[in-house]
Amino acid sequence: MSEFVMLTEAAAFQIKDMMRENEEEGAYLRIGVKGGGCTGLSYGIGFEQEKQEDDHEFEQFGIRILVDKDSAPILKGTKIDYKQSMLGGGFTIDNPNAIASCGCGASFRTATHAGTPEEC
């Protein structure tokens, strides 16, 4: 099931650090998509303790990942990386299904999912 989302080793290392800092070791990493943002869809990433009935579950680099069934086709092939620079670090999301994204990169739309755009 890992064809939905691929974490790089750098992203996994950073996520494990965040889990430790927030006392969330053993939690799932939930990755999903919701309506919103100036382009129509936005990513949701966070820690969760319980798996839902319609979740796809898979593991990468020792991190248990959940993707809900509605987000799965939108996220298929998405790569999450963590980049460090002199100005700090941050996660990058490369979604091959996105056909448009906003200037800040926080929202997007696909050919089949327009979402619900909001004012930025």
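In this predicted model, a charge-over-ring arrangement brings together Arg64 and Tyr28: Arg64 lies over the face of Tyr28, 4.0 Å from the ring centre.

The structure holds 2 aromatic pairs. One of them joins Phe4 and Phe58, with 6.4 Å from centre to centre and 45 degrees between the planes, a tilted geometry. Phe4 belongs to the segment before E1, while Phe58 sits in strand E4 (residues 55-60), so this pair ties together parts that are 54 residues apart in sequence. Phe4 is buried, at a relative accessible area of 8%, and Phe58 is likewise buried, at 8%. The rings of Tyr82 and Phe91 also pair: their centres are 5.0 Å apart and their planes meet at 70 degrees, so the arrangement is edge-to-face. The angle decides the label here, because planes over 60 degrees apart count as edge-to-face. The two partners can be set side by side in terms of burial: Tyr82 counts as buried at 16% relative accessibility, whereas Phe91 is partly exposed, with a relative accessible area of 36%.

Attention can now turn to the nonpolar interior. In soluble globular proteins, nonpolar side chains tend to be buried together. In the present model, the largest nonpolar core has 21 residues, and those with the most contacts inside it are Val5, Leu7, Ile31, Ile63, Ile65, Val67 and Leu75. At least two residues of this core come from each of strand E1 (5-7), helix H1 (9-21), strand E2 (28-36), strand E3 (40-48), strand E5 (63-68), helix H2 (72-75) and strand E6 (78-85). The most is given by H1, which supplies 4 residues.

Leaving aside residues up to four places away in sequence, Leu7 touches Ile15, Leu29, Gln60, Phe61, Ile63, Ile65 and Ile80. Ile63 and Ile65, two of these neighbours, are themselves listed with Leu7 among the residues with the most contacts inside the core.

Asn95 is found in the loop between strand E7 (88-94) and strand E8 (98-101). The Asn95 side chain makes a polar contact of 3.3 Å with the side chain of Tyr43, and another polar contact, of 3.5 Å, links the side chains of Asn95 and Thr78.

Definitions and conventions
Residues are numbered from 1 along each chain as its sequence is written. This is a predicted model: local features need pLDDT of at least 70, side-chain atom pairs count only at pLDDT 80 or more; totals for chains, interfaces and linings use all residues. Side-chain values use heavy atoms; hydrogens and water are left out. A nonpolar core is a set of buried Ala, Val, Leu, Ile, Met, Phe, Trp, Tyr and Cys residues joined through side-chain atoms within 4.5 Å. Buried means under 20% relative accessible area, exposed over 50%, partly exposed in between (1.4 Å probe, protein chains only). Contact means heavy atoms within 4.5 Å. A polar contact is a pair of N or O atoms within 3.5 Å; within protein, one must be able to donate a hydrogen and the other to accept it, and residues adjacent in sequence count only if both atoms are side-chain atoms. Rings of Phe, Tyr and Trp (its six-membered ring) pair if their centres lie within 6.5 Å; planes under 30 degrees apart count as stacked, over 60 as edge-to-face and the rest as tilted. A charge sits over a ring if NZ of Lys or CZ of Arg is within 6 Å of the ring centre and within 35 degrees of the ring normal.
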